[in-house]
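Hello,

Here is the structure you asked about. Please open it next to this message and follow along.

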Amino acid sequence: MATSTHPIISCTKNISFSTKSSPLNFSRPSQIFLNPSRAAERRGDVKIRCAASPEGADGRQNPDSLSSAKLDRRNVLLGLGGLYGAYNFAGGSNPFALADPIPAPDISKCGTAIISNSTDEVPYSCCPPFDGTFVDYKIPTFSTLNCRPAAHAVDDDYLNKYKTAIQKMKELPADDPRNFYQQANVHCAYCNGAYQLNDKSYQIHFTWLFFPFHRWYLYFYERILQSLIDDPTFTLPYWNWDNPQGMILPEIFDDDESSPLYDQYRNQDHRNGYVLDLAYAGEENTANDFQKVKNNLAVMYRQMLTNAPCPLLFFGKPLRADNDSENSGMGTIENVPHNSIHRWVGDPRTAHNEDMGNFYSAAKDPVFYCHHSNVDRMWTLWKTLGGNRTDIPDTDWLQTEFLFYDETKTLVKVKVADCVDNERLGYTFQDMPTPWKNFKPTRKRKGKLKRTAKSVSASTTVLPATLDKITTFYVTRSSTSTPAGKEELLDLDLEYDDTQFIRFDVFLNEDEEVNTKELDRIEYAGSFSNLPHVHDDTSTSKVTTSTFSLAISELLQDLGLQGDDKILVTLVPKAGGSCVTVKKAYTDTIDC
Ligand code: C2O
């Protein structure tokens, strides 16, 4: 198979970036420039933009100035003092945890990696070659932006380039850091306990490092592909799973074994146009395709809008140099659909859901990079959605460092601050419809709820409870008035086996008779999904305690319940329910 059956929409190849061009010269200005102030900024010269004063005219901080910000704790406390209270809810209670960004991993101490969901060692080393040196990375200058295409819309010419580049990557010597499997091991090393941080295994997932780590990872991967085919305009495709047209395994990967984009370790039932379930957790959704698509759009709306009004809700909770993973946690998109899609692609015939369903093996499937290219696009899109949807202004996040090999086989050190703007890295995304933006779930229920808070038990009576069945309780709200600029959260204190696949859905104002197949309903608040992972090897138990928080202000308003002092909560286990105990449920009000 070579040609997509979907209409081919060609990507605007290079977007002009010179001082002379006005946005009107671009082919689809309104689509390219979602945010007018950024469009104006882009009319300037690249160099001038990068040398601008710390606070740009549009109020954005210049990444360069953030990179060089001094790590003086006093400065941080003075400069970011106002933020401390805001972030405290997610970052633990230790003020000394500030000014504590994670340095580049110590490759000389890179060790054995452990397969997630097991105690088995990865049967090969995931550590990169290392001669003891690395250099600070300088983003090369460029005059045009590259455009990443949607995978379902690429033409044959593009596909041939992509296949050639991946093939060449696979043919590089096994110890070449640009080799396909060496590149896959980058993921294994950062995610399966090969690196240590503060004497515990270092894990970039389930933290606020999720987005920036993968952005840098794909950036270098893309540059390696470009150099192998000698085409600096080549880009990775993105799996457009947020658009009905992209809600299947992209056809360019669903080929036979002769294609370098093929991977034998995939769920064979999820091929050939089978509709994706963005909240998949191991059980096939028995809803029809139309309902599945509607569920997917509802999930996207919740994860990008309702549940992600504040930076840390979207990016995830802090991980600092003290490696206090207890106070860390996933952002909305990492949780669902990112984790669910890994699981959906992974092969249930294998021991550990290889390749996509396990961190150590995920990047051995070429579709991994296509999946993450869309995750990356979500970061860019989220910042156009308004409100407090901005990058995290915390120095510890901005100053976190990673090491990667670039296309010249040079080991380079990069910082989060330098990747927050994808256009500064030289690429943008082909414009595609985002129907989820207007997919605010509507009221389904007719008539009154049979059970009211009066006929249901309090969370304090029902909990703690193991989620082996649908569980309903009411929560007494801490306050019924949420001032502007604040967000009300429903918090669930969980205790779960982090080596297991777990998924449960949360509904408000529903009871045990909830229709568990339909998520495109006003009552659906969100889902929790755990992708099995390695826990600290110093601890003996596999039990993780964490708080799962859902932003519910918008939901309560839509349900007309903003004045009620009690809310009905129904938890619907979809996978691994017996591995999770809900200890406590309560509400909380946070600054965004
Ligand atoms: Cu690093 Cu999608 O996982």
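First, a definition: helices (H or I, at least four residues) and strands (E, at least two) are DSSP runs, numbered from the N terminus. Axes are lines fitted to C-alpha atoms, for helices over the stretch in contact, and angles run from 0 to 180 degrees between N-to-C directions.

Two notes on the source. This is a predicted model, where local features need pLDDT of at least 70 and side-chain atom pairs count only at pLDDT 80 or more, while totals for chains, interfaces and linings use all residues. Residues are numbered from 1 along each chain as its sequence is written, and side-chain values use heavy atoms, without hydrogens and water.

Now the helices. Helix α9 (residues 210-228) packs against helix α14 (residues 367-382) at about 125 degrees, and their axes lie 10 Å apart. The two are therefore oblique (under 35 degrees is roughly parallel, over 145 roughly antiparallel, 65 to 115 roughly perpendicular, the rest oblique). Contact means heavy atoms within 4.5 Å. On α9 the contact residues include F210, F211 and Y221; on α14 they include F368, W379 and T380.

Next, the sheet. Four strands form an open sheet in the order β12-β17-β14-β15, paired antiparallel. Two strands pair if DSSP finds at least two bridges between them. The edge strands, each pairing on one side only, are β12 (471-476) and β15 (524-530). From one strand to the next, the twist averages 25 degrees. Six bridges link β12 to β17 (residues 566-575), in the antiparallel sense. There, T476 stands opposite K566 of β17.

Best wishes
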